[in-house]
Amino acid sequence: MHTNIPKISDSEYDIMKLIWKQHPIKSQEIIEQVDVCNHWSEKTIKTMINRLLKKEAISYTKDGKSYLYYPLIQEVDYRILENKSFLKRVYNGSINAMVVHFIKDMKLSTQEIDELKNILDEESK
């Protein structure tokens with residue numbers, strides 16, 4: 001696990017998801033794909049790419065006149081960090097409180113409840 005995972009904004013996260021999925025990826029490909037979803041300007045997208053570079057979340061290699069971007073942090077490591085942060089911030093670190101909230105408030109289907117039971121049974125073995 002990467003030990004220095006930077007804080008990434010929601011907008012930067014949109015770009016990170018693309019880089020995790022398609023690395024190495026050219027900046028022009030990022031611009032084209034992110035703009036379709038978010039309608040951001042090219043300048044805005046380049047600014048966010050530069051922020052991710054400064055935060056050392058991504059890096060690049062030069063390929064002729066293009067830059068190919070790739071992640072320096074793994075998506076799974078980032079998710080673990082964010083899950084822990086969310087759990088601590090919203091549920092005071094209690095996974096039980098979170099699970100109870102989701103089961104009671106989110107109106108889970110019988111199938112979803114059965115899946116949770118199976119996961120818990122597997123984890124308890």
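Which residues in helix 1 meet which residues in helix 3? Ser11, Glu12, Ile15 and Met16 sit on the helix 1 side, and Ile45, Met48, Ile49, Arg51 and Leu52 on the helix 3 side, with contact meaning heavy atoms within 4.5 Å. By class, this contact has six nonpolar, one polar and two charged residues.

A quick note on the model: it's predicted, so local features need pLDDT of at least 70 and side-chain atom pairs count only at pLDDT 80 or more, while totals for chains, interfaces and linings use all residues. Residues are numbered from 1 along each chain as its sequence is written, and side-chain values use heavy atoms, with hydrogens and water left out.

Back to those two helices (DSSP runs of H or I, at least four residues, numbered from the N terminus). Their axes, lines fitted to C-alpha atoms over the stretch in contact, come within 10 Å and cross at roughly 85°. That makes helix 1 roughly perpendicular to helix 3, a label for angles of 65 to 115 degrees.

Here are the helices and their residue ranges:

| Helix | Residues |
|---|---|
| helix 1 | 10–22 |
| helix 3 | 42–54 |
| helix 4 | 75–91 |

Now the salt bridges (a side-chain nitrogen of Lys or Arg within 4 Å of a carboxyl oxygen of Asp or Glu): the count comes to six. One of them joins the side chains of Glu82 and Lys7, at 3.6 Å, N to O. Glu82 lies in helix 4 and Lys7 in the segment before helix 1, so the pair ties together parts that are 75 residues apart in sequence.

How values were computed: Axes fitted to C-alpha atoms, helices over the stretch in contact; angles between N-to-C directions. Parallel < 35°, antiparallel > 145°, perpendicular 65-115°, else oblique. Nonpolar A, V, L, I, M, F, W, Y, C, P; charged D, E, K, R; others polar.
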